[in-house]
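Trainee: Let's go through this one together, question by question.

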Amino acid sequence: MLAEIAVIAADIPEVIGTAFALNILFRIPIWSGVLLAGLNTLVLLGLQRYGIRLLEGVIGILLLVLGGCFFSMMVHARPSVKEIAMGLVIPRLSGGSATRDAVALLGALIMPHNLFLHSALVISRKITRSPDGIRSASRCFLLESSLALLFAFLINVAVIAVSGSVCSYPNISSESKKQCKNITLDSAAFLLKDALGKWSSKLYAISLLASGQSSTVTGTYAGQYIMQGFLDLRMKLWLRNLLTRCIAIAPSLVVCSVGGSAGAGRLIIIASMILSFELPFALIPLLKFTGSAAKMGLHKNSIVVSLCTWLLGLCSIAINIYFLSTSLLGWITNKKMPKAASILSGLLIFPLITLYIALLAYLILKPETASQGSTDFDTDSNHHDEAEVEPRAEFNHTQRTGEIEIDSITCS
């Protein structure tokens, strides 16, 4: 349930971003853009019939377009390289909503449902099922995932650097200064147009559109793997995409119609914060599974890898708990809020924080159950019985058509 909620939460910013991109490029009303966002990705998913490699290539092109747009704007904005380097080494949070935005950015960059996707995509590759073959596949896929996350990180750096440099221009107009106090999807286009020219707002819209399409396809595949892995349910990808989109469109349509650009911006922050809060629920089981000798055999994480990954995982948990506790304290001590409202918010939110911490503690401390089958790949491949041949042949056929069935993978 948590993994499916993460897919839906990730779909909300993609729907809203696509709607604003269509509005900037073609003057399509936001509500119409939200509805169109539910259908345009089906075109990309239709490419799947021509092979998974073609779809991966299209997603790669979309990411290159996204990165090219923001890096070209970064060249024209000319942010201070020294300030960027200092911010990367010594991060600084200033302002009441800075912590909230940092938590949201963590969830937006490392989406929990994509942890399932990264784990599942490796079975779409041809792997020699031997210890050396699996180690080689793991190394190659580690490199592939690392490059993808590095590219996503650099794009985020470019986005923040462009926004910061535009808002710090000495000759910026008074109207732009007001916009800088609360940057939304709509005001960002205005700021870029005012500071860098009309072409920059168009590039910004193109990057929004490319980002929405690529993220939606990965979210659809992640949702499919989650359904198959947890519930053994299979659904056509176009139907899967339509279902999650319909769920994500409802709040997006209401907020964009009522709250406009500012409301859409707040909804994106909330959706990204949900992703950040859900990250430990995907990360902790993954770390426990990959560190288990009973389940992974020779391929379990080394002590160094386990220590580093658990440290990073605990840091993400600490960030979330810090934000929740400081937010609760802020609401309780807020003098502008009536005393009764402060007490009521504390009574409502404190049990939720306690439940969140208890669930995480349960995941961390839960004893490992005995594995029903050995995953030690030291055994000779001849030990596979004949009953495994048919599922593997079925998997190879399914792999060629792009419809990967997780339960068809059989290990001795």
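**Patch, burial and charge pairing**

Trainee: Where does Ser-201 lie, and is it buried or exposed?
Mentor: This is a predicted model. Ser-201 lies in helix 10, residues 198–231. Its relative accessibility is 6%. The cut-off for buried is under 20%, so Ser-201 counts as buried.

Trainee: Which residues does Ser-201 touch, not counting those up to four places away in sequence?
Mentor: Contact here means heavy atoms within 4.5 Å. With sequence neighbours up to four places away left out, the partners of Ser-201 are Ile-24, Ala-189, Leu-192 and Lys-193.

Trainee: Which helix gives the largest share of the nonpolar patch?
Mentor: The patch covers about 770 Å² of surface, and Leu-88, Phe-153 and Leu-154 are among its residues. Helix 4 (81–89) and helix 7 (131–167) each supply at least two residues. The largest share, five residues, comes from helix 7.

Trainee: Leu-150 is in that patch. Is Leu-150 buried, partly exposed or exposed?
Mentor: Leu-150 sits in helix 7. Its relative accessible area is 44%. Buried needs under 20% and exposed needs over 50%, so Leu-150 is partly exposed.

Trainee: How many salt bridges are there, and what is the N to O distance between Asp-132 and Arg-135?
Mentor: The count comes to one salt bridge. Asp-132 and Arg-135 are both in helix 7, three residues apart, about one turn of the helix. Asp-132 is exposed at 58% relative accessibility, while Arg-135 is partly exposed at 33%. Their side chains meet in a salt bridge, with an N to O distance of 3.3 Å.

Notes
Residues are numbered from 1 along each chain as its sequence is written. This is a predicted model: local features need pLDDT of at least 70, side-chain atom pairs count only at pLDDT 80 or more; totals for chains, interfaces and linings use all residues. Side-chain values use heavy atoms; hydrogens and water are left out. Patches are made of residues with over 30% relative accessible area and no salt bridge: like charges are joined within 9 Å, nonpolar side chains (Val, Leu, Ile, Met, Phe, Trp, Tyr) within 5 Å. Accessible areas come from the Shrake-Rupley method with a 1.4 Å probe; for residues, only the protein chains shown count as cover. A salt bridge is a side-chain nitrogen of Lys or Arg within 4 Å of a carboxyl oxygen of Asp or Glu. Helices (H or I, at least four residues) and strands (E, at least two) are DSSP runs, numbered from the N terminus. Buried means under 20% relative accessible area, exposed over 50%, partly exposed in between (1.4 Å probe, protein chains only).
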